[in-house]
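Here are my notes for you on this one. Have the structure open while you read.

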Amino acid sequence: MHTTPSYQIDNLDKSILHALMDNARTPYAELAKNFDVSAGTIHVRVEKMKQAGIIKGTRVVIDAKNLGYDVCCFIGINLKNAKDYPSTIERLNALEEVVEAYYTTGNYSIFIKVMTRSIEHLQNVLINKIQAIDEIQSTETLISLQHPINREVMP
């Protein structure tokens, strides 16, 4: 996808983004009516924001708890060698329980978010999948008790 970093969003763009973040399936005609512009204007603005890489796509938001994934945790990973990063990420990416990964500064080389169905499931993933990766020297697991803030960056 071609990106145009110089594209500056204005208040109409921000309003469109807020509305689409609230419900990405809102018809352009409804947005046009709400913002007192034409549906064509909405379409052009959305396309420009797509071309600029501001809008990367739409997705369905899944409620992990309603699917039975009751345990959310974060695991800090220390690698044996910095050169092991690419192969470790590849191995972690193959684990369906790993839902996010970050290459970080500080105490850990990699910080991951893991979702499991139970503490027993987490223990199995940690011991038999994550810590079984040869390139990993050590891990630290932090279990999330609550998720009180969950939002996208506001335009």
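**Notes on the model**

1. Read along the sequence, the pattern of the protein chain is α-α-α-β-α-β-β-α-β. The radius of gyration (taken over C-alpha atoms) is 20 Å, well over the 15 Å that the globule rule (2.2 Å times the number of residues to the power 0.38) gives for 155 residues, so the chain is more spread out than a compact globule. Helices (H or I, at least four residues) and strands (E, at least two) are DSSP runs, numbered from the N terminus.

2. A word on the source: this is a predicted model, where local features need pLDDT of at least 70 and side-chain atom pairs count only at pLDDT 80 or more, while totals for chains, interfaces and linings use all residues. Residues are numbered from 1 along each chain as its sequence is written, and side-chain values use heavy atoms, with hydrogens and water left out.

3. Look at strands β2 (residues 98–103) and β3 (residues 110–116): they pair in the antiparallel sense over five bridges (pairing takes at least two bridges found by DSSP). V98 stands opposite V114 in β3. The two strands make a hairpin with six residues between them, and G106 in the turn has a positive phi of about 95 degrees.

4. Now the rings of Phe, Tyr and Trp (its six-membered ring), which pair if their centres lie within 6.5 Å; planes under 30 degrees apart count as stacked, over 60 as edge-to-face and the rest as tilted. That rule gives three aromatic pairs. Y108 and F111 form a tilted one, 6.0 Å centre to centre with 35 degrees between the planes. Ring pairs link F74, Y108 and F111 into a cluster.
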